[in-house]
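Here is a short tour of a protein chain for anyone who likes to check geometry against the coordinates. Have the viewer open while you read.

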Amino acid sequence: MKSPASASWKAPLKFRMPTAENLIPIRLDIEVDGQRYKDAFTWNPYDPDSEVVMFAKRTVKDLKLSPGFLPQIVQSIQSQLATFRSYEGQDMYVGDKIIPIKLDLQVNHIVIRDQFLWDLNNFDSDPEEFARTLCKDLGIEDPEVEPAIAFAIREQLYEIAIQNVTTARENRISKKGRRAAEHFTPSKASGAALDLMKLFSFGSSVVRKRKEWDYYKPVLDLLSNEDIHALEAKEERSG
């Protein structure tokens, strides 16, 4: 689905993810009787609710989790789906067409950091395809890195979409009437977008300048087993 050419602060869109597939990010962090289960994945909000129960049953069985995890996994997923669905049908203003996306991920022995610009008005965009290309370009063979990158992108896009719904709602009740949409208060996301975009020259091209390559190019680090153990111990202490 392509974004309407007239998309602007005066022409709100109906809430959805600004991507080709309307998948939403789901995070789980559940602890039962000293056993902890953490996961992150995308979900089609239009799948039957029965799929949630089936997923939970498979997860508990495959990971040999205690039965107490089953209702908590179901409840957590259903709660996050309900939050997404609560925004459906509401107006959202796209605002800044270009926003910054930042990656700072550790997946197994790999740490990847990157930042790039994303077009919110491109409803044909595909975070999964972007992640595949990035992993191929960087020579990353770990199969868990690609979905982690795609999830991180979708999670940030989801947060921005929700912020855009809030902005539309605030503008609607503003006492400024018709001029409210033209005099909005920028959100943190839009402010960050403007800050990042100042580094680009709008008089020429958005292609990164040579002097900016080192700043914007992806950073890839490989962790040793000792590094992994240290990070896991730190997470256990903070958790």
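Leucine 103 stands opposite aspartate 114 in β6. The two strands involved, β5 and β6 (residues 110-119), pair in the antiparallel sense over ten bridges, where pairing requires that DSSP finds at least two bridges between two strands. As background, strands of a sheet pair through backbone hydrogen bonds, either parallel or antiparallel.

A word on the ground rules. This is a predicted model, in which local features need pLDDT of at least 70 and side-chain atom pairs count only at pLDDT 80 or more, while totals for chains, interfaces and linings use all residues. Residues are numbered from 1 along each chain as its sequence is written, and side-chain values use heavy atoms, with hydrogens and water left out.

**The overall layout**

The protein has seven helices and seven strands, taken as DSSP runs (H or I with at least four residues for helices, E with at least two for strands) and numbered from the N terminus. Their order from the N terminus is β-β-β-α-α-β-β-β-α-α-α-α-β-α. Of the 239 residues, 39% are buried; here buried means under 20% relative accessible area, exposed means over 50%, and partly exposed is in between, with a 1.4 Å probe and protein chains only. Among contacts with a separation of 6 or more, 67% join residues 24 or more positions apart, a contact being heavy atoms within 4.5 Å.

**The sheet and its turn**

β5 and β6 belong to an open sheet of three strands, ordered β5-β6-β7 with antiparallel pairing. β5 and β7 (219-222) stand at the edges with a single partner strand each, so one side of each has no neighbour in the sheet. From one strand to the next, the twist averages 15 degrees.

β5 and β6 also form a hairpin with two residues between them. What is the phi of asparagine 108 in that turn? It is positive, about 55 degrees, although asparagine 108 is not a glycine. With a relative accessible area of 34%, asparagine 108 is partly exposed. Aspartate 33, in the loop between β2 (24-32) and β3 (35-43), also is not a glycine and has a positive phi of about 50 degrees. For context, most residues other than glycine have a negative phi.

**Helices on the sheet and on each other**

α3 lies across β5, β6 and β7, running at about 130 degrees to β6. α4 packs on the sheet too, touching β5 and β6, and its direction makes about 140 degrees with that of β5. Axes are lines fitted to C-alpha atoms, for helices over the stretch in contact, and angles run from 0 to 180 degrees between N-to-C directions.

These two helices also meet each other: the axes of α3 (residues 127-138) and α4 (residues 145-172) come within 8 Å and cross at roughly 135 degrees. That makes α3 oblique to α4; angles under 35 degrees count as roughly parallel, over 145 as roughly antiparallel, 65 to 115 as roughly perpendicular and the rest as oblique. The contact includes Phe130, Ala131 and Leu134 of α3 and Ile149, Ala150 and Ile153 of α4. Its residues divide into nine nonpolar, no polar and four charged, with Ala, Val, Leu, Ile, Met, Phe, Trp, Tyr, Cys and Pro counted as nonpolar, Asp, Glu, Lys and Arg as charged, and the others, Gly among them, as polar.

Another helix pair is α1 (residues 50-62) and α2 (residues 69-87), whose axes come within 9 Å and cross at roughly 140 degrees. α1 and α2 are therefore oblique to each other. Among the residues making this contact are Val52, Phe55 and Val60 of α1 and Leu70, Ile73 and Leu81 of α2. The tally for this contact is eleven nonpolar, two polar and one charged.

| Residue | Relative accessibility | Class |
|---|---|---|
| Valine 94 | 8% | buried |
| Serine 86 | 43% | partly exposed |
| Aspartate 33 | 77% | exposed |

Valine 94 sits in the loop between β4 (91-92) and β5 (98-107). Leaving aside residues up to four places away in sequence, valine 94 touches Leu13, Leu120, Asn121 and Asn164. Serine 86 lies in helix α2, and its C-alpha is 10.0 Å from that of phenylalanine 15, 71 residues apart in sequence.
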